[in-house]
Each structure stands twice: as C-alpha cells, then as structure tokens.
Amino acid sequence: MRKIAITADSNSGITREIAEREGVFIVPMLFTIDGKEYLEGISLNSQEFFLYQEQGRDIKSAQPTVGSVLELWDSLLKEYDEVVHIPMTKALSGSYDTALALSREYEGRVFVVDNQRISVSQKQSVWDARQLAEEGKSGKEIRAILEASALESSIYLTVDTLSYLKKGGRITPAAAAIGDILNIRPVLQIQGGKIDAYSKVRGRKKSKQVLVEAIQKDMRERFGEAEKGKGIKLHAAYAGIPEEAAEWKRQLEEIFPGYIVDMDELSLNICTHVGKGALGIAVTCNL
C-alpha cells in the first residue's frame, strides 16, 4: 500500500499544532501588513491579525510562497510515496494554479486537488483525504473523489461590521453607510469558492436566524439524499470572539439535535473581508 502524505495551506484553519497531532502537513499563507510580510500561524496569529485590522493597518493576503511549497513536498517525498495537496479554491487565490504547475515536476507523485472549498469546508476535505489514504486509496483516486464531491458543501456568514466588505470593494461606501445606520447586515454565502450575497437582514438576531434557515434549506433540498445515506457534518465558525462562538455552538446543537457541531475559527483570509465578530455555519457531506 502506498504511503501518502496529505498537505494543505493554512487557509484551511488547520494550525501547525493540529497538523502535527493529526498527521497532516500545512504550508502557511502569506500576509503583507503595512508592507511587512507575515506567515499565518508562524509569525502571525489571529489575535495579532485582529489587532492590526482594528488599527486600520493595510492588510493583504497572498498564496503560500513557492519555496515553502517545494520545501515541504521535497522533504515529504523522502519518506512518502505520494503527496495529495489541497489548496484553497482557485476562485479566490492563485494557490491551485501555482501548485498544479509545480506538481508537474514531480512525475506523477504529487496530486493537486481542485477543491473549490475554503476555510472550514477545506479543512473537512483534509480529514476526508486522510481517511481515504488510510483506506488504501492512491493519490490519483483521492484527488478524483475529492473533486467529485467538492460542491457538496456550503458556508453561510454574517458580519458584525460592514467596514471590511467596503474596504475590499464588495459593497459600496454608500451601502455600508446606510447599512450601519439601519443596522442592516448581509448574510454571505460561500459555495464553489465564491463569496456572494445571500440575504440582507436587520439586526444580529435575525441574521443568525437566516444562517440557520439557509443551512436547513440546503440539508433539505441539496443534501437530502446524503443525509439519508452517508450523512452530513455541521461546522460552527467565528472570527475573533471565542465566547460568542461557544454560545453560537450551543445554540446550533439545540437546533440540530443529534448532530455533532464542530467549532472552527474562520481562516484569516476570510477574516480580511468579514472582520472580527463574524459568525457562520457550514455543512459538508461525509464521504
């Protein structure tokens, strides 16, 4: 049986500590803050990120460096037969295209997955890949299975401030100003790697209700067969406020009895756009 290493970028939300414990491998995303470069999870943690964001620093995210990817793969292929690499969706980053180009130099030993996922749903793909490797699947087979199921996930988010959506050009300054005055908050949907507006509601309580209703609708209409068969997994997500996140997880466990609700912090790449205080819920289908 082939020995297969599973790698991903830190956009998955998998920290170096979790990766070491779980037997997977992570390359850090690159952030530039006021012209200075930081590596997620190495020289930049979430507490520092939100502090810089609240201070109004100029924050830009970028894909992992070519050197960090090659160094990781080269070291792993001394011990492993193959590498399966799961980058964040190519719809939001050049990570996939870069990794795919680099993989061609490894003569069929590195398989890059067109995952179409981000953050908590990407993280679930890493666990799925590890499970498939443990079942004896080859790198080529793992890639095919993950790509076939890439769209069997949804993430819905609500934000606490419109400032960062405005800064990123996702809403106009006028819309942000009106939204703040009227306490209108968008509910965002991430599906197939794209961040789109799903709904606009007034107030935090209502926005959380819409998140739940959106997931219930997906469970009923999109993933009904999966629920009856393989089953689905729920993920609570948050940005920067763990106390509120714990309460959000508790609420979801009451609303969805019988389901295990994982709790994850949103990746810093998403937090660049949504800011501290964002809350989300995601659903993924089990393989």
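The legends below describe close-up views of one predicted protein model.

**View 1. Overall fold and confidence of the predicted model.** Residues are numbered from 1 along each chain as its sequence is written. In this predicted model, local features need pLDDT of at least 70, side-chain atom pairs count only at pLDDT 80 or more, totals for chains, interfaces and linings use all residues, and side-chain values use heavy atoms, with hydrogens and water left out. The protein has twelve helices and 13 strands, taken as DSSP runs (H or I, at least four residues, for helices; E, at least two, for strands) and numbered from the N terminus. Of its 287 residues, 51% count as buried, that is, under 20% relative accessible area with a 1.4 Å probe and protein chains only. The mean pLDDT, the predictor's confidence in each residue from 0 to 100, is 88, and 90% of the residues reach 70 or more.

**View 2. The largest nonpolar core.** Such a core is a set of buried Ala, Val, Leu, Ile, Met, Phe, Trp, Tyr and Cys residues joined through side-chain atoms within 4.5 Å. Of the 27 residues in the largest one, L44, F49, L157, L266 and V274 touch the most other members. Two or more residues each come from β3 (30-33), α2 (46-54), β8 (153-158), β9 (184-191) and α12 (268-274), and α12 gives the most, with four residues. Beyond its neighbours within four places in sequence, L266 is in contact (heavy atoms within 4.5 Å) with residues including L157, C271 and V274.

**View 3. The second core.** A separate core of 23 residues includes Y156, I232, W248 and L279.

**View 4. The surroundings of N11.** N11 is placed in the loop between β1 (4-9) and α1, and N11 counts as buried because its relative accessibility is 0%. Leaving aside neighbours within four places in sequence, N11 is in contact with M29, E40, M88, I118, S119, Q122, S267 and N269.

**View 5. The lining of the largest pocket.** The lining comprises 24 residues, of which G13, T15, E40, S46 and E265 lie nearest the centre of the pocket. At least two lining residues are supplied by each of α1 (16-22), α2 and β12 (261-265), and the lining divides into ten nonpolar, eight polar and six charged residues.

**View 6. The segment 171-179.** Over residues 171-179 pLDDT stays under 50, and the model has twelve contacts beyond four places in sequence for them. Where pLDDT is low, the predicted coordinates should not be read in detail.

Key. Buried < 20%, exposed > 50% of the residue type's maximum accessible area, 1.4 Å probe, protein only. 1 Å grid on protein atoms, 1.4 Å probe; cavity = no way out; pocket = protein on both sides within 12 Å on 5 of 7 lines; lining within 4 Å. Nonpolar A, V, L, I, M, F, W, Y, C, P; charged D, E, K, R; others polar.
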